[in-house]
Amino acid sequence: MRRPWLPILPAVALAVVGLHQVYAVHAYGLSPWKGGGFGMFSSTDAGPARRLRVSLLRGGSSVQVDVPARLDRVAERARALPTHENLEALGHEMTRALPRSAGVYRALRVEFWRIRFDDALDPTWSLASAVEVAPTGGER
Amino acid sequence: MSALRDWLDAEGHDLALKGTLLLLLLVPVGQWNVRPLVLLLAAAGLVHRGALHSAWLWGALTALAGWRVVDSWPLADNHAYLLAYWCGAILLSRLTPEPGEARAVSARWLIAGAFAFAAGWKLLSPDFLDGTFFRVMLLADPRFEDLARWAGGLTAADLDASRNFLFAPRIGAETTPAMLVESASLRAAAHFLTWITIAAEGAVALLFIAPLRAGVARHAALLAFCAATYAFAPIEGFGWLLLCMGCASVPVNAVRTRAVYVGVYALLVLYAEIDLAAWLVP
């Protein structure tokens with residue numbers, strides 16, 4: 001066969017992407033199910049075991065707000081790959097999407113929570129990372 | 001039987017290409033910006049022999065499948081990546097004097113790579129090895145509810161309560177979660193699934209990596225994996241893709257092996273239409 005290396009190239013691409021995914025899982029908290037490393041069905045660390053919590057900070061208190069459906073994609077990306085940039089991107093989108101009725105707030109806080117199960121499957125949620133985003137155009 | 005043999009002989013290396021295009025019609029992929037073009041190209045390749053062998057068609061499919069992965073990174077499922085690699089492999093095979101042989105090499109190493117990573121992840125995940133993953137999945141994933149009811153002897157209400165217990169938002173402990181209902185038989189099923197999955201995926205990876213002269217064991221392992229896994233896992237698209245690649249790696253004169261690939265491909269069509277697990281639950 002001429003150019004015998006040609007048919008190997010797709011598998012080389014698979015290996016490169018797969019190794020990058022392993023790195024991204026350990027370095028950036030990527031879900032093992034995502035990123036092309038074939039880690040699906042290998043861990044509970046996916047889907048409902050990852051949660052975002054968005055709150056408006058007002059003085060010393062905070063009020064939890066829902067992520068609107070039109071930001072599902074941004075939220076899904078932040079949940080699968082909860083880097084500072086992705087959580088911040090969700091925060092910025094949220095500040096733009098908030099209705100006027102949301103009122104005045106100092107900052108918007110995006111938290112990423114993760115679940116761990118013990119032997120009895122008793123779940124423990126822990127805060128893995130969080131960012132705070134100032135409202136668009138300063139104090140609202 | 002001789003008609004089937006004649007058909008398989010006539011199809012030759014085209015069988016895997018047609019199977020790939022058919023799966024794109026059976027499970028349309030991508031969003032609005034990708035799906036219509038993929039459907040058009042798949043249909044064109046199936047009805048027109050020239051299109052089936054066109055580098056342009058496979059180049060376009062590779063670009064669309066690749067774009068789907070890049071555009072949604074990192075959210076695409078693993079079979080979206082595998083589809084892009086496989087379409088790319090078919091495209092590259094057009095640049096070689098023996099496209100069928102080139103595809104056989106690509107398919108073998110893509111299957112070996114995918115299964116090696118899949119088995120590796122499971123071996124490196126503590127919550128998979130100790131059975132936690134399958135216990136949680138059987139209790140909480142609605143896609144496996146029938147299997148959990150059959151294997152674990154649980155009711156739909158038990159599973160609802162367990163789902164609430166496992167994933168209730170207890171951040172700040174605002175709620176009192178429901179009770180976990182887990183039977184001994186469900187734990188046993190979870191441990192069985194844990195080890196059979198590692199054994200099956202590891203076996204496929206090793207057999208496709210090993211330099212075997214006769215690939216009967218290799219194909220038997222992949223066919224058994226697909227026939228068993230996709231009876232319960234509702235992701236037939238992945239199964240069809242693996243079967244197409246497996247079929248492409250079969251020598252063109254091994255008609256019986258390719259006939260079994262066609263049979264299991266058809267079996268997965270039945271799985272997609274008939275909920276086997278639901279039959280098992282009274």
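Start by selecting A:Glu132 and A:Arg109: their side chains form a salt bridge, with the closest N and O atoms 3.3 Å apart. A salt bridge here is a side-chain nitrogen of Lys or Arg within 4 Å of a carboxyl oxygen of Asp or Glu. Since A:Glu132 sits in strand β4 and A:Arg109 in strand β3 of chain A, the pair ties together parts that are 23 residues apart in sequence. (Strands are DSSP runs of E, at least two residues, and helices are runs of H or I, at least four, numbered from the N terminus.)

Before you click on, a word about the model. It is predicted, so local features need pLDDT of at least 70 and side-chain atom pairs count only at pLDDT 80 or more, while totals for chains, interfaces and linings use all residues. Residues count from 1 along each chain as its sequence is written, chains are lettered from A and ligands numbered from 1 in the order written, and side-chain values use heavy atoms, with hydrogens and water left out.

Over all chains, the count comes to 16 salt bridges.

Next stop: which residue of chain A does B:Asp77 meet in a salt bridge? Select A:Lys34, and you'll find the pair at 3.0 Å, N to O. This one crosses between chains, from the loop between α5 and α6 of chain B to the loop between α1 and β1 of chain A. A:Lys34 is buried at 16% relative accessible area, and B:Asp77 is partly exposed at 39%. (Buried means under 20%, exposed over 50%, partly exposed in between, using a 1.4 Å probe and protein chains only.)

Stay in that chain B loop and pick B:Pro74. Most peptide bonds are trans, and most residues other than glycine have a negative phi.

For positive phi, hop to A:Phe38, at about 60°, and A:Leu121, near 65°. A:Phe38 is in the loop between α1 and β1, and A:Leu121 is in the loop between β3 and β4. Buried or exposed? A:Phe38 is buried at 1%, and A:Leu121 is buried at 0%.

Finish at B:Glu236, in helix α14 of chain B. Leaving aside neighbours within four places in sequence, B:Glu236 is in contact (heavy atoms within 4.5 Å) with B:Tyr230, B:Leu268, B:Tyr271 and B:Ala272.
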